[in-house]
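Please read the following note alongside the model. The points are numbered so that each can be checked separately.

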Amino acid sequence: MAQVPIAIASHKRQVCSLYKRALRNLEAWYDRRHVYRYRAVQMRARFDENRNKDLAEGIRLLACGQQELFQTKHFQPRTFANSAGGCAFEREVIPPDWLLDYWHPLEKAQYPEYFAKREQRKKEFVVWWEKQYGKPDPKDLGHH
């Protein structure tokens, strides 16, 4: 939720985001599952008791909740392995599609159906591109 500017997100979405971040913070503090669940139920009760307040009070409570979360943030929060900051984030490199164009013909011969369909799709893409954006001007393609 950090990538969504606060001015754009609705009040409901901000409250849901705060709730989720608070639960993740509790997860970092309490490693025993039963203790975590007890604290999570307490937190849910706190959120539920303020559910039907008017918007002005809700905005004030949201600001107080965000401040409280900031003050109680764990010093070493848990991160998922494949999430940003995790130990396996972007570990698997996915090669770009154009790399297949540089395969040797003998390598391509091992997968004839795949490469035949790929060449057909490349031609279809060129047709789509020219229909969408027009043909390139030959003057712009010349080297300087």
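1. Buried means under 20% relative accessible area, exposed means over 50%, and partly exposed covers the range in between, with a 1.4 Å probe and protein chains only. On that scale Cys64, at 40% relative accessibility, counts as partly exposed, whereas Cys87, at 65% relative accessibility, counts as exposed.

2. This is a predicted model, in which local features need pLDDT of at least 70 and side-chain atom pairs count only at pLDDT 80 or more, while totals for chains, interfaces and linings use all residues. Residues are numbered from 1 along each chain as its sequence is written, and side-chain values use heavy atoms, with hydrogens and water left out.

3. A disulfide is taken to be a pair of cysteine sulfur atoms within 2.5 Å, and a search of the whole structure finds zero of them. For Cys64 the closest cysteine sulfur is that of Cys16, at 18 Å, which is too far for a bond.

4. An automatic or database domain assignment supplies the domain bounds, and it divides the protein into domain 1 (11-72) and domain 2 (97-133). The C-alpha centres of domain 1 and domain 2 lie 51 Å apart.

5. UniProt, in an unreviewed entry, lists residues 13-69 as "domain: Complex 1 LYR protein"; its positions are given here in the numbering of this note, feature names are shortened, and annotations may be inferred rather than shown by experiment. Over residues 13-69 the chain is 86% helix and 0% strand, and the end C-alpha atoms are 16 Å apart. Helices (H or I, at least four residues) and strands (E, at least two) are DSSP runs, numbered from the N terminus.

6. Helix H2 (residues 33-49) has 17 residues and reaches 24 Å from first to last C-alpha, close to the 24 Å expected at 1.5 Å a residue, where the expected span is 1.5 Å times one less than the number of residues. In H2, Tyr36, Ala40 and Met43 are buried. They lie on the same side of H2 because they cover an arc of only 65° around the axis, the arc being that of the directions from the helix axis to the C-beta atoms. Helix H1 (11-29) is included in what covers the buried residues of H2, contact meaning heavy atoms within 4.5 Å. The face of H2 turned away from its buried side carries the exposed residues His34, Tyr38 and Glu49.

7. Where is Glu90 found? Glu90 sits in the loop between helix H3 (55-71) and helix H4 (105-108). Its phi is near 55°, a positive value in a residue other than glycine, and Glu90 is exposed, with a relative accessible area of 65%.
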